Amino acid sequence: MLGKSGRESGAHAQVAAELGGWSASDSDLLDLGAQSVMLATIAEIDGISAVVHIGHPAQPLPELERLLLAASNTLMLTDAVAAPSQWTLVHRGKELSGVVIVDEAGMRDTRYALRALGLTPHVVQTPMSIEDRVELAGEFDSLVVASSQIPAGYQEHPDAARLRDLPVIWYGLLETRSDLPDLTRAAQVWLAFGPDQDHRGSLQATLSVFADQNVDLQHLRSQRSTAGPHVFLSSFGVTGTAQLKTLLGELDARGVRHRVLAVFAGEHFVPGPDALAPVWAPTA
């Protein structure tokens, strides 16, 4: 059985499931509720997995990292696909108020486009039915919906192409595993780790393990831990499971706690994560 969180777009999660071969195209995804509830359900009930919005394989969503690390250590993301945007902007063809009804997932994906169009979002909960959104919109408000959910009496707005041209949305398959996937080819890994003692130089010593194993950290951030020491969340590429196991063994030998949160087969995940054009301080 395959599900999704209650705040995720069902249309997009279904497209991702079909692209990834995670479920049959005619099967409905289970609504597993809030993300924390979804994680607990997958961990506790055999045979349930979920489609999860991940940000990008090389640049995880911080909130997803936090939730995974705080949940059962049997949970792991094991596959990733890029789903094209299904969002569109529709209206009744009458004078527009400038307000657009959009759910939480739609706001996450389309907020910049909506603001560029000068529209004012009215955010509703994702489970809200299309019928209730139509009633809320009245005669003059627009709607952001998946292209498969355009209600009767509505037509695409002339600027709807701005939403169809949005970047792809990356999703992952979340399931329970008792061991690492056996990969002989390149993969992207999300790894959480933490030195057994948090002291000056402890991170540097741990990072030297990655350097010794020829691992280039593409993503690294710290997170305070209730256990005392900081934990660190990372993403990087490996040549296969063998290299990953060697790295984990070296961390074990140094007393560094760790947990693999995701393993995605592949090396080049196109398009890449959002790029920043930094503005540095002037040189001395």
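Which backbone oxygen lies 3.3 Å from a polar atom of the side chain of serine 85? I began my notebook with this question, and I keep in mind throughout that the model is predicted.

**Entry 1: serine 85**

I looked up the side chain of serine 85 and found that one of its polar atoms lies 3.3 Å from the backbone oxygen of leucine 163. The side chain of serine 85 also reaches the backbone nitrogen of tryptophan 87, again at 3.3 Å. Is serine 85 buried or exposed? I noted a relative accessible area of 12% for serine 85, and because buried means under 20%, this residue counts as buried. Leaving out residues up to four places away in sequence, I listed what serine 85 touches, and the list reads His12, Leu163, Leu166, Pro167 and Ile169.

**Entry 2: the whole protein**

I stepped back to look at the whole protein, which has eight helices and 15 strands. Its C-alpha trace spans about 70 × 60 × 35 Å along the principal axes. Of its 284 residues, 46% count as buried. I also looked at contacts between residues at least 6 apart in sequence, and 73% of these join residues at least 24 apart.

Next I followed an open sheet of five strands, whose order is 8-7-9-6-10 and whose pairing is mixed. I marked strand 8 (120-124) and strand 10 (155-156) as its edge strands, since each of them pairs on one side only. How many bridges join strand 7 and strand 8? I found five bridges between strand 7 (residues 99-103) and strand 8, and the two strands pair in the parallel sense. Within this pairing, valine 100 stands opposite proline 121 of strand 8, while valine 102 has valine 123 as its bridge partner in strand 8. I also checked how covered strand 7 is, and four of its five residues are buried.

**Entry 3: the largest pocket**

Rolling a probe the size of a water molecule over the atoms shows where empty space is left. I looked up the largest pocket, which holds about 950 Å³ of space. Its lining is made of 32 residues, and the closest to the pocket centre are His53, Gly55, Leu61, Arg108 and Asp109. I wrote down the elements that give two or more residues to this lining, namely helix 2 (35-44), strand 3 (49-56), helix 3 (62-70), helix 4 (104-116) and strand 11 (169-176). Which element gives the most to the lining of the largest pocket? I found that helix 4 does, with eight residues. When I sorted the residues of the lining by kind, they divided into 15 nonpolar, nine polar and eight charged.

**Entry 4: alanine 187**

I turned to alanine 187, which is found in strand 12 (residues 187-194). Its relative accessibility is 2%, and because this is under the 20% cut-off, alanine 187 counts as buried. Setting aside its neighbours within four places in sequence, I found alanine 187 in contact with Phe236, Gly237, Val238, Val263, Phe264, Ala265 and Gly266.

**Entry 5: two loop residues**

I looked at arginine 224 in the loop between strand 13 (217-223) and strand 14 (231-238). Its relative accessible area is 63%, so arginine 224 counts as exposed. The C-alpha atoms of arginine 224 and alanine 152 are separated by 50 Å, although the two residues are 72 residues apart along the chain. Asparagine 214 is in another loop, the one between helix 7 (202-212) and strand 13, and at 70% relative accessibility asparagine 214 counts as exposed.

**Entry 6: backbone angles**

Most residues other than glycine have a negative phi, and most peptide bonds are trans. With that in mind, I noted that asparagine 214 has a positive phi of about 60°, although it is not a glycine. I then looked up the peptide bond from valine 270 to proline 271, which is cis, with omega near 0°. Proline 271 lies in the segment after strand 15 (257-265).

Note on methods. Residues are numbered from 1 along each chain as its sequence is written. This is a predicted model: local features need pLDDT of at least 70, side-chain atom pairs count only at pLDDT 80 or more; totals for chains, interfaces and linings use all residues. Side-chain values use heavy atoms; hydrogens and water are left out. On a 1 Å grid over the protein atoms alone, a cavity is a set of points where a 1.4 Å probe fits but cannot get out, and a pocket is an open set with protein on both sides within 12 Å along at least five of seven lines; lining residues have an atom within 4 Å of a point. Grid points are joined across faces, edges and corners, and a volume is the space filled by probe spheres set on the points. Ala, Val, Leu, Ile, Met, Phe, Trp, Tyr, Cys and Pro count as nonpolar, Asp, Glu, Lys and Arg as charged, and the others, Gly among them, as polar. Buried means under 20% relative accessible area, exposed over 50%, partly exposed in between (1.4 Å probe, protein chains only). A polar contact is a pair of N or O atoms within 3.5 Å; within protein, one must be able to donate a hydrogen and the other to accept it, and residues adjacent in sequence count only if both atoms are side-chain atoms. Contact means heavy atoms within 4.5 Å. Two strands pair if DSSP finds at least two bridges between them.
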